[in-house]
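Q: Could you show me, step by step, how to read the features of a structure with several chains?
A: Gladly; let us look at the structure together and take one feature at a time.

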Amino acid sequence: MNSTVLLSALLATPDSGSQGFDLGKMMAIIIASIFVNNFVLARFLGICPFLGVSKELDSAVGMGAAVIFVMTLATLGSWAAYNLLLVPMGLTYLSTIAFILIIASLVQLVEMILQKFSPALYSALGIFLPLITTNCAILGVAVLNIDEKYSLGYSLINAIAAGIGFTLALILMAGLRQRLELADVPPAMKGKPVAFLVAGIMSIAFLGFAGLGG
Amino acid sequence: MADMLKVGLVLMLVALVAAVALGFVNSRTAPIIAIQKELAKQNAMNSVAENLSPGDSLAFDSLSVTGLKNPYASCDNTLSIVQVSAPPDTSRIGYVFIAFGKGYSSTVQTMVAVGLEGVISNTMILFQQETPGLGANIVKPSKLIEKFNGLTSSECLLTKDGGGIDAMTGCTITSRTVTNSIRTGLEAMSEAGLFSSVDTEGGTE
Amino acid sequence: MSLLKDLTKGIYRENPVFRLVLGMCPFLAVTTSVENALGMGAAATFVLICSNFLVSLFRNIIPSKVRIPCYIVIIATFVTLVDMVMNAYLPDLHRSLGIFIPLIVVNCIILGRAEGFANRNPVLNSVADAIGMGIGFTMAMVVLASFRELLGNGTLLNINVLGAAYQNQPLLIAILAPGAFILLSFILGFFNILEKRKGGRQ
């Protein structure tokens, strides 16, 4: 409760203009994107990789890192395309196509660059990169940033925080599923059903963050 | 090389056809969307301001106020005020404004009609994407927002925050958001000198 | 006959949600009410039919190297189309589906059917497949949405079913995020039991 009061006090700073940078708003975005509106557990974005890559802790960490990386780049690219190209030309209705193409080519580009210059990182992240194009969390964060009319700074912060939130959920899930291997699960619930059940219980836990930062 | 050219050409062609098709549809739907938004806004203003002068058809003109603070900067919106009159009489009978507040999962927009003395006449939720079954119940007037009718800015405070309005059960955040967004809007208007002074202590209303 | 088979397989045997576990994000997010589920289902089915039709029609012209970008552009075009038309004629539904309309682009069912079926099957079969998959997706969403709306709000299609007394104290968790996960888990478990019964009998 204390932190709620603190944060709302910070948020209420008078004349926090939308251009200026406001620490309170920044904190609110970070907390909201990681915990309150966690991309996976509250907003239902990125469920496919969340279930697909959460069987082992190592791959969960790798996927998380790749998502944070691509999310930040994609936000940069989509923000620039939207505000520097689409808005001045009055073509904002093309934003969905533009964003998905930017994300797809970014992923391809990152894959090629990594393969060439950092084989170690490539071997760690490589297999996750193609999966990321169809990860709706990436497109989701780009669309959300535009909807919320965030400036570039806030957009980037939101993207990084959303990526961290995704990674957090993924790692927690991976840890739980490793334990689950040893548990006595009814045969009908084995595999996906019990994974969803665990996700539901985690989601209940994340409901407890409601009210922090807003 | 020829292969590269062919591939590039096909991609270009696909993108071009897509852009042209969308441009065409957009040129057809954009005016409808604009008209519908305007119509929805007009309807909302008419119904929210009804009690300012019951039975009359109302006119709305946007008002530019010098020295008006913007309490909604943190939601990246601005406070814009519309003055209400009942033609043919051109004198002002009240104001309508939209209050913005960050709720649990969306920016809640509330349209507020207020009399010349700063007393809330009526309110209406314009937009919300709060949790269905919880915060989304804010759209039902009896849950919270009809309690605002007849209040002034200083009375617009939840019981939990030291005021007299009970929040909706289980959704303090949404309730607080709406209440506070209305209060800050009224305060900004009052500071800008839009309300004729009223004896708040004596409660003559 | 194979046309009929392509049409019906999406409804149960290869149901995209319950059997293949695809398209989870919109499935979980928009099932807070039956109305939203039907709207989302209609939008996704429309995009699915159009994209399967075009992909199948041009399957011999599109070079295989750039087929995925081409599919994505085709899908994104129809999604934007749906977005604009819905905004113009059904503004309330557009508002409540929100961000999940643009996200139909990354719905794995649509790209999956383009890549997995439409690019090597004739046009008619591809359209049949799209209709079947669309109906399967919509039906699955309606099933989950019915549970969530009924338990969490006491209503079905906004009509009060369980009475005012229930509505004052509903099982709220069903309509909140955790409810979607938990109810889906039980539905999937139920389908597993069903499959096992069927397997045992044969």
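**Reading contacts between chains and helices**

A: Chain A and chain C bury about 3,000 Å² between them, and 85% of that area lies on carbon and sulfur atoms. Please keep in mind throughout that this is a predicted model.

Q: How many salt bridges cross the interface of chain A and chain C?
A: The general idea is that side chains of opposite charge can pair when their charged atoms come close. Across the interface of chain A and chain C, however, the rule finds 0 salt bridges.

Q: What is the count between chain B and chain A, and which side chains meet there?
A: Between chain B and chain A the count is 1 salt bridge, and it is formed by the side chains of Lys102(B) and Glu148(A), at 2.8 Å from N to O. This contact takes 16 residues from chain B and 17 residues from chain A, and the two chains bury about 1,400 Å² between them, with 52% of it on carbon and sulfur atoms. In chain B, the residues that lose the most area to chain A are Ser74(B), Asp76(B) and Tyr104(B), which together make up 39% of what that side buries.

Q: At what angle do helix 1 of chain B and helix 4 of chain C pack?
A: Helix 1 (residues 2–48) of chain B and helix 4 (residues 67–89) of chain C pack at an angle of about 10°, with their axes 8 Å apart. Since angles under 35 degrees count as roughly parallel, helix 1 of chain B is therefore roughly parallel to helix 4 of chain C. By class, their contact has 17 nonpolar, 6 polar and no charged residues; among them are Val10(B) and Leu11(B) on helix 1 of chain B, and Pro69(C) and Cys70(C) on helix 4 of chain C.

Q: Are helix 4 of chain A and helix 9 of chain A roughly parallel or roughly antiparallel, and why?
A: Helix 4 (residues 57–86) of chain A and helix 9 (residues 152–180) of chain A pack at about 165°, with their axes 9 Å apart, and they are therefore roughly antiparallel to each other. Helix 4 of chain A passes helix 9 of chain A in a right-handed crossing, and the contact has 19 nonpolar, 8 polar and no charged residues.

Q: What is the angle between helix 4 of chain C and helix 6 of chain C?
A: Helix 4 of chain C packs against helix 6 (residues 108–116) of chain C at about 135°, with axes 11 Å apart, and the two helices are therefore oblique to each other. The residues of this contact divide into 7 nonpolar, no polar and 2 charged.

Terms used: Residues numbered from 1 in each chain as written. Chains lettered and ligands numbered in written order. Predicted model: local features only at pLDDT ≥ 70, side-chain atom pairs only at ≥ 80, totals over all residues. Heavy atoms only, no water. Axes fitted to C-alpha atoms, helices over the stretch in contact; angles between N-to-C directions. Helix = DSSP H or I, 4+ residues; strand = E, 2+ residues; numbered from the N terminus. Parallel < 35°, antiparallel > 145°, perpendicular 65-115°, else oblique. Left-handed = near helix turned anticlockwise from the far one by under 90°. Nonpolar A, V, L, I, M, F, W, Y, C, P; charged D, E, K, R; others polar. Buried area = accessible area lost by both parts, 1.4 Å probe. Salt bridge = Lys/Arg side-chain N within 4 Å of Asp/Glu carboxyl O. Contact = heavy atoms within 4.5 Å.
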